[in-house]
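Here are my notes for you, written as numbered points. Keep the structure open beside you and find each residue as you read.

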Amino acid sequence: QVQLVESGGGLVQAGDSLRLSCVASGRTSTTPVMGWFRQAPGKEREFVAAISDSGRDTHYADSVKGRFTISRDNAKIYLQMNSLKSEDTAVYFCAAGPILTYVKRWYDFWGQGTQVTVSS
């Protein structure tokens, strides 16, 4: 089992920045890839970004490329979010899985989520 705990969400204004963190514990060696997904009210949970276990490889959704940066320090990952827009408002979930992909079903473990609200 792997436990994931997110932090760093909050209420910001459009154009502001925010950094999310996620700490993994447990059998993290079985799920080396970590990523972020988000879910807005009434919408499906969607991929945001993912990072390999080494941190060398990353993958981003087109909607956040150039604004968000995912990084990693061992079992802790971060999501630096710049130039936030109202459409970035969602609950952000940390996830862990075996391969670097945007496909939700490949992620085996999930955190509880942290709310990000961007006011326009």
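**Notes on the rings, charges and cysteines**

1. Let's begin with the rings. A search of the whole structure turns up five aromatic pairs. One of them joins Phe 47 and Tyr 102 edge-to-face, with 6.5 Å from centre to centre and 65° between the planes. Phe 47 sits in strand E5 (residues 46-51) and Tyr 102 in the loop between E9 and E10, so this pair ties together parts that are 55 residues apart in sequence. Bear in mind as you look that this is a predicted model.

2. Are the two partners buried or exposed? Phe 47 has a relative accessible area of 10%, so this residue counts as buried. Tyr 102 has 54%, and the cut-off for exposed is over 50%, so Tyr 102 counts as exposed.

3. Ring pairs link Phe 37, Phe 47, Tyr 102, Tyr 107 and Trp 110 into a cluster.

4. Arg 45 lies over the face of Phe 93, 3.6 Å from the ring centre. Arg 45 also lies over the face of Trp 110, this time at 4.9 Å from the ring centre.

5. Next, Thr 101, which lies in the loop between strand E9 (90-97) and strand E10 (109-110). Which residues does Thr 101 contact, leaving aside its neighbours within four places in sequence? They are Phe 47, Ala 50, His 59, Trp 106 and Tyr 107. Thr 101 has a relative accessibility of 10%, and buried means under 20%, so Thr 101 counts as buried.

6. On to the salt bridges. How many are there? The count comes to five. One of them pairs Asp 88 with Arg 38, and the closest N and O atoms are 2.9 Å apart. That pair links distant parts of the chain: Asp 88 is in the loop between strand E8 (76-81) and E9, while Arg 38 is in strand E4 (residues 33-39), 50 residues apart. Both Asp 88 and Arg 38 are buried.

7. Another salt bridge brings together the side chains of Glu 44 and Lys 104, at 3.9 Å from N to O. Glu 44 is in the loop between E4 and E5, and Lys 104 is in the loop between E9 and E10, so the pair ties together parts that are 60 residues apart in sequence. Glu 44 counts as exposed, at 63% relative accessibility. Lys 104 is partly exposed, with a relative accessible area of 34%.

8. Asp 62 and Lys 65 also meet through their side chains in a salt bridge, at 3.2 Å from N to O. Asp 62 counts as exposed, at 65% relative accessibility. Elsewhere, salt bridges that share partners join Arg 38, Glu 46, Arg 67 and Asp 88 into one network.

9. Now the cysteines. A disulfide is a covalent bond between the sulfur atoms of two cysteines. The count here comes to one, formed by Cys 22 and Cys 94 with their sulfur atoms 2.0 Å apart. This pair links distant parts of the chain: Cys 22 is in strand E3 (residues 18-26) and Cys 94 in strand E9, 72 residues apart.

10. Why is this disulfide called left-handed? The torsion about the S-S bond of Cys 22 and Cys 94 is about -80°, so the disulfide is left-handed. Cys 22 counts as buried at 0% relative accessibility, and Cys 94 counts as buried at 0% too.

11. Last stop: Arg 19, also in strand E3. Its relative accessible area is 46%, so Arg 19 is partly exposed. Leaving aside neighbours within four places in sequence, Arg 19 is in contact with Ser 7, Gly 8, Tyr 78, Leu 79 and Gln 80. The C-alpha atoms of Arg 19 and Ile 70 are separated by 9.7 Å, and these two residues are 51 residues apart along the chain.

Terms used. Residues numbered from 1 in each chain as written. Predicted model: local features only at pLDDT ≥ 70, side-chain atom pairs only at ≥ 80, totals over all residues. Heavy atoms only, no water. Helix = DSSP H or I, 4+ residues; strand = E, 2+ residues; numbered from the N terminus. Buried < 20%, exposed > 50% of the residue type's maximum accessible area, 1.4 Å probe, protein only. Contact = heavy atoms within 4.5 Å. Disulfide = S-S within 2.5 Å. Phe/Tyr/Trp six-rings, centres within 6.5 Å; stacked < 30°, edge-to-face > 60°. Lys NZ or Arg CZ within 6 Å of the ring centre and 35° of its normal. Salt bridge = Lys/Arg side-chain N within 4 Å of Asp/Glu carboxyl O.
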